[in-house]
Amino acid sequence: KKKIFNILKKYKPIGIFNLAAETHVDRSIDSPKNFIDSNIIGTFSLLESFKKYILLNKNSKLIHVSTDEVYGDVKNGRSVESDSYNPSSPYAASKASSDHLVNSYIKTFNIPAIITNCSNNYGPKQHPEKLIPKLIYNILNNKSLPIYGKGKNSREWIFVDDHCEALIKVFKKGKLNNFYNIGSNYNLNNIKIANKLLM
């Protein structure tokens, strides 16, 4: 907390984007503690530092970047900001916890913050454990493709640059203390993704 506060005091940012997180569902099942440490304790440390920092710089605001995984499995349509949280993995639960923490600091300490929940990202230099880079790597190396079940699991995908553009827009025009869902409105199941990559 002290190190974070000293960085804030030194550089005096007008905006802080909290993108730091452990994000892989399978790893959260194998090792939940890392997700608790990063996503909950890490967010708590940032909030404590930010709470002190805004006394020095009232014009700053925090954009807390979260995931649509907090809503759990969506049977029909798309999640909306007023939907209840129903996380189904330690990863999703840790992100839901961090969202609740940020929201509690908004309400209790009046910190200027916005929470965003985004769909699956893809793009350059993504960690190879993620679905799309993993499939690309396996295709290039003539390995079998790791598709779970029948490959019918469907997710909404957004290109990382589009997500970043949305975050900047939220920072510039979003209302403080609000939640914003970010997505592409474009769903694909895992088999369709694999087929597109194989073309």
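Reader: In this predicted model, does aspartate 68 count as buried or exposed?

Author: The relative accessibility of aspartate 68 comes to 18%, and the cut-off for the buried class is under 20%. Because 18% falls under that cut-off, aspartate 68 counts as buried.

Reader: With which residue does the side chain of aspartate 68 meet in a salt bridge?

Author: Aspartate 68 lies in the loop between β2 (61-67) and α4 (90-109), whereas its partner lies in strand β5, so the pair ties together parts that are 87 residues apart in sequence. The N to O distance of this salt bridge is 2.8 Å, and the partner of aspartate 68 is arginine 155.

Reader: Where do lysine 33 and aspartate 37 both lie?

Author: Lysine 33 forms a salt bridge with aspartate 37, in which the closest N and O atoms are 2.7 Å apart. At 57% relative accessibility lysine 33 counts as exposed, while aspartate 37 is partly exposed, with a relative accessible area of 35%. The two residues are four apart, about one turn of the helix, and both lie in helix α3.

Reader: Does serine 119 count as buried or exposed?

Author: Serine 119 is found in the loop between β3 (113-118) and β4 (120-122). Leaving aside residues up to four places away in sequence, serine 119 touches Asp68, Glu156, Trp157, Ile158, Ile182, Gly183 and Ser184. Its relative accessibility is 5%, so serine 119 counts as buried.

Reader: What is the distance that separates the C-alpha atoms of lysine 150 and asparagine 189?

Author: Lysine 150 is found in the loop between α5 (131-140) and β5 (154-159), and at 74% relative accessibility this lysine counts as exposed. Although lysine 150 and asparagine 189 are 39 residues apart along the chain, the separation of their C-alpha atoms is 9.9 Å.

Reader: How are α5 and α7 oriented to each other?

Author: The axes of α5 and helix α7 (residues 190-198) come within 10 Å and cross at roughly 45 degrees, in a right-handed crossing. Leu131, Ile132, Leu135, Ile136 and Ile139 in α5 meet Asn190, Ile193, Ala194, Leu197 and Leu198 in α7, and the residues of this contact divide into nine nonpolar, one polar and no charged. Given the angle at which they cross, α5 and α7 are therefore oblique.

Reader: How do the residues of the contact of α1 with α3 divide into nonpolar, polar and charged?

Author: Helix α1 (residues 2-11) and helix α3 (residues 32-53) pack at an angle of about 40 degrees, with their axes 9 Å apart, and the two helices are therefore oblique to each other. α1 passes α3 in a right-handed crossing. On the α1 side Ile4, Phe5, Leu8 and Lys9 take part, and they meet Ser45, Leu46, Ser49, Phe50, Lys52 and Tyr53 in α3. The division of these contact residues is six nonpolar, two polar and two charged.

Conventions
Residues are numbered from 1 along each chain as its sequence is written. This is a predicted model: local features need pLDDT of at least 70, side-chain atom pairs count only at pLDDT 80 or more; totals for chains, interfaces and linings use all residues. Side-chain values use heavy atoms; hydrogens and water are left out. Buried means under 20% relative accessible area, exposed over 50%, partly exposed in between (1.4 Å probe, protein chains only). Axes are lines fitted to C-alpha atoms, for helices over the stretch in contact, and angles run from 0 to 180 degrees between N-to-C directions. Angles under 35 degrees count as roughly parallel, over 145 as roughly antiparallel, 65 to 115 as roughly perpendicular and the rest as oblique. A crossing is left-handed if the near helix is turned anticlockwise from the far one by less than a right angle, and right-handed if clockwise. Contact means heavy atoms within 4.5 Å. Ala, Val, Leu, Ile, Met, Phe, Trp, Tyr, Cys and Pro count as nonpolar, Asp, Glu, Lys and Arg as charged, and the others, Gly among them, as polar. A salt bridge is a side-chain nitrogen of Lys or Arg within 4 Å of a carboxyl oxygen of Asp or Glu.
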